[in-house]
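Student: Can we go through the salt bridges in this one? Please start with what counts as one.

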Amino acid sequence: MTSPAPRSRPGGRSGRVRRAVHDAGLALLEQRGIRELTVPEIAARAGVHATSVYRRWGSVERVVVEALLERSEERLPVPDTGTLLEDLTRFAAEVIAYVRDPMAATLMRTMAATDDPSLEQARREFWESRTAAAGVMVSRAVARGEVPADTDAARVLETLIAPIHFRLLLSHGPLDDALPARLARAAVAAIG
């Protein structure tokens, strides 16, 4: 008689620890900024041992970047409408909705204002990951023949997203409902 194979629990303890550490890191980041955070403080708030955080993440910066990526993946799905213009319009609208959230805005401001060299790699990894995920919109447009095969997805996304971040972080200009369509048209026009 054989015993049944052990059943894996979705997420399980590891998933609960990851979520608790991410939530603690983001909550503390919002309250105090990244320069003031420590791994032991994040661990205490998450209810785990600091050694567990050091072993899995190694630094405050890694906790924050992983948490930001997870949150942005949850809150910024990549649309698939059948046209690049509509995909970009919806994506820009999602980004605007995301940065309107007070916590997201605080996190974006913190990441933009921090010049800590140890964050440079983490910041780069964050944007590379988000660009790769959202770049699928351009890849699909290439496959449909909407845009040339050599279209640079990163440049398209920069053209779309940079004005949103500029308004959020520098000019404090309006993020109105007409902005996503205007930005999408500008990004598509820049391809040609």
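Tutor: A salt bridge here is a side-chain nitrogen of Lys or Arg within 4 Å of a carboxyl oxygen of Asp or Glu. The model is predicted, so local features need pLDDT of at least 70, side-chain atom pairs count only at pLDDT 80 or more, and totals for chains, interfaces and linings use all residues. Residues are numbered from 1 along each chain as its sequence is written, and side-chain values use heavy atoms, with hydrogens and water left out.

Student: How many salt bridges does the rule give?

Tutor: The count comes to 7.

Student: What does arginine 155 pair with?

Tutor: Arginine 155 forms a salt bridge with aspartate 152, with the closest N and O atoms 3.7 Å apart.

Student: Is arginine 155 buried or exposed?

Tutor: Exposed, at 56% relative accessibility. Buried means under 20% relative accessible area, exposed over 50%, and partly exposed in between (1.4 Å probe, protein chains only).

Student: And arginine 90, which residue does it bridge to?

Tutor: Glutamate 86, with 3.1 Å between the closest N and O atoms. Both residues lie in helix H5, 4 residues apart, about one turn of the helix. Helices (H or I, at least four residues) and strands (E, at least two) are DSSP runs, numbered from the N terminus.

Student: How exposed are those two?

Tutor: Arginine 90 is partly exposed at 45% relative accessibility, and glutamate 86 is partly exposed at 32%.

Student: Where do the partners arginine 140 and aspartate 80 sit?

Tutor: Their side chains meet in a salt bridge at 3.4 Å, N to O. This pair links distant parts of the chain, 60 residues apart: arginine 140 is in helix H8 (residues 136–144), and aspartate 80 is in the loop between helix H4 (60–75) and helix H5 (84–100). Aspartate 80 is exposed, with a relative accessible area of 53%.

Student: Which residues are linked with Arg140 in a network?

Tutor: Asp80 and Asp87 are linked with Arg140 in a network of salt bridges.

Student: Switching to the fold, how many helices and strands are there?

Tutor: The protein chain has 10 helices and 0 strands.

Student: What share of the residues is buried?

Tutor: Of the 192 residues, 42% count as buried.
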